[in-house]
Amino acid sequence: MNSWRNVWTITKRELAAYFTSPLAYVFIVIFLLLCGFFTFFVGGFFERQEASLVRPFFDWHPWFYLFLVPAVGMRLWAEERRVGTIELLLTMPITAWQAIVGKFLASWLFLALALALTFPVVITVNYLGRPDNGVILTAYVGSWLMAGAYLAISCITSALTRSQVVSFIISLVVCLFLILAGFPPVINVIEQVSPKLVDLVTFFSVMTHFEGFQKGVLDSRDILFFLSVIGFSLFTTSVILRTHRAG
Amino acid sequence: MIKVQNLAKVFGTKRAVDGVSFSVNRGEVLGFLGPNGAGKSTTMRMITGFLPPSGGSVSVGGFDIVEHPIEAKRLMGYLPENAPAYTDMTVYGFLNFTAEIRGLRGDARKQAVSRVVDMCFLGAVLHQSVETLSKGFRHRTCFAQSIIHDPEVLVLDEPTDGLDPNQKHEVRQLIRRMGEKKAIIFSTHILEEVDAVCSRAIIIDRGRIVANGTPQELRQRSEWAGAVTLRVKGVVASAVTAKLYQVPLVKKVTVVDDKDGHVTVRAFPKSSGNGALAQAIGEAAHEWQIEQLHSEEGRLDDVFRSITMPDTAKEAA
């Protein structure tokens, strides 16, 4: 019980830190603008003439997150290391795990808020037609889990460096790989080289696992995939933090 | 309260800390001296559990810092070097956060925060963001953080660094007062601080302890300890030195100043200690017009220099 209280203390601090800097507001505005622009103009929401958010809205999420999630996660550890507050944090009577989980949770909740603020899209589609709101809900859940996976990867890259910019770029590249592993043009190339590899490669892609949620299917394997990416990444973060200190 | 045994830390091929052992009891203030890069901060980081030791052990209040880090950390307050603090928070927010993470809730937390705000004179900047604070205020904010839970053990890495003379004085007073009931380790470059605050001092150089004792004992190791300075009028310098060399206790005489008929000389004793030399010199000089005669207590900076850089200290002398 006590350990969750520590986690929550860290989470509260981190969340507050987002909102004292303009970064949070900038992030949310950009995210909402992108969502609106791509859904209605690029995604052809109206031209499709169907009451669905899957193609025009959720299809873009892996790409939005590619830039936005590393921007949210980049400061988590890099800033602590640059300012030196990591020395305070890790000499407090809490475990490194509580700090890692607390920080991750704060950013994840922040992303949840950004995601929740896209609700006008849901209202619009409900106003215009009769969409399957169950599908929309599972797609939201999937989108949030996917954001969590990206974020956990950003945690690793943030722990690797003192520089937020370096952290941003590395996590962007890593996340790009996770997308491209399931991106049709890339899969086609791999298929020509070796068809056997396709299953293996696509298994590691967020695209493949997000697909199920977009169809309204809550597959335990997909949920497990995202959760294990998160778990593994946070574990790696703890190893990196420990190695830094071991010298 | 703090027991450090054979502590070592290796960074790559460099032995930053190499077999350091000491202990600090309740009611003791231990000054940690040493040149830059001697391993002071590294030692403190290992004591507070930030860096895992490469060898040896640290126990705080009976808890091993590696085996039971949470229990040990709970007993400790720590002011890291350069006094880091979350720049995006206000002073109040920051102290509240550290109180909460130290397990203080509700009224206990409010009391703790207002107590340290008073102790560290932070009232004026309470709702200002840490980023906008001057160095002195930021330093005191971080210091306040370290004592918020009224810990039994305090580890302070250069607590007076960057403060103005008044603030330095305040912080020293604070450390000395708290030192009556707590076990405190603090590092410093400023030797007068050791005199003002410490009950014991350790000098560390290249990762090893090279001296350990009370400030008084350390001063005794100085060449200056027991030296006598004499100023007379109307005598030639050579005559004064010649006469003083006849005093049996004198080992060496140097002329400090020779101007307008005033001669200042300093006589070093063969064995340091009591005021016998001053008395003997006073007798030898009774026919001159004595303007000043006093014996030195020994200088810490002298000891510090001769211990940490033996070669250059000799040249200078």
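Q: Where is Asp150(B) placed in chain B?
A: Asp150(B) belongs to the loop between helix H5 (135-146) and S7 of chain B; these labels are DSSP runs numbered from the N terminus, helices being H or I with at least four residues and strands E with at least two. Residues are numbered from 1 along each chain as its sequence is written, with chains lettered from A and ligands numbered from 1 in the order in which they are written. The model is predicted: local features need pLDDT of at least 70 and side-chain atom pairs count only at pLDDT 80 or more, while totals for chains, interfaces and linings use all residues.

Q: Why does Asp150(B) count as partly exposed?
A: Asp150(B) has 14 C-beta neighbours inside 10 Å. A residue is buried with 20 or more other C-beta atoms (placed from the backbone) within 10 Å of its own, exposed with 12 or fewer, and partly exposed in between. The count of 14 falls in between, so Asp150(B) is partly exposed.

Q: What makes the phi of Asp150(B) worth a look?
A: Its phi is near 50 degrees, a positive value in a residue other than glycine. Most residues other than glycine have a negative phi.

Q: Which loop holds Arg206(B)?
A: Arg206(B) is in the loop between S9 and S10 of chain B. Arg206(B) also has a positive phi, of about 45 degrees, although it is not a glycine. With 15 other C-beta atoms within 10 Å, Arg206(B) is partly exposed.

Q: How do you know that strand S9 (residues 200-205) of chain B pairs with S10(B)?
A: DSSP must find at least two bridges between two strands for them to pair, and 5 bridges join S9(B) to S10(B). The two run antiparallel, and Ile204(B) stands opposite Ile209(B) in S10(B).

Q: Why are strand S6 (76-79) and strand S10 (208-213) of chain B at the edges?
A: The open sheet of 6 strands has the order S6-S7-S8-S3-S9-S10 (chain B), with mixed pairing. S6(B) and S10(B) each have a single partner strand, so one side of each is left without a neighbour in the sheet. From one strand to the next, the twist averages 15 degrees.

Q: Which strands does helix H11 (residues 300-308) of chain B lie across?
A: H11(B) lies across S3, S9 and S10 of chain B, at about 30 degrees to S9(B). Such angles run from 0 to 180 degrees between N-to-C directions of axes fitted to C-alpha atoms, for helices over the stretch in contact; residues are in contact if their C-beta atoms, placed from the backbone, lie within 7 Å. Helix H6 (residues 165-178) of chain B runs at about 150 degrees to S8(B).

Q: What makes chain A as compact as a globular protein of its length?
A: The radius of gyration of chain A is 19 Å, close to the 18 Å that the globule rule gives for 247 residues, so chain A is as compact as a globular protein of that length. The radius is taken over C-alpha atoms, and the rule is 2.2 Å times the number of residues to the power 0.38. Chain A has 13 helices and 0 strands, and 42% of its residues count as buried.

Q: How many residues does each chain bring to the contact?
A: Chain A gives 20 residues and chain B gives 22. On the side of chain A that touches chain B, H1(A) gives the most, with 5 residues.

Methods: Two residues are in contact if their C-beta atoms, placed from the backbone, lie within 7 Å.
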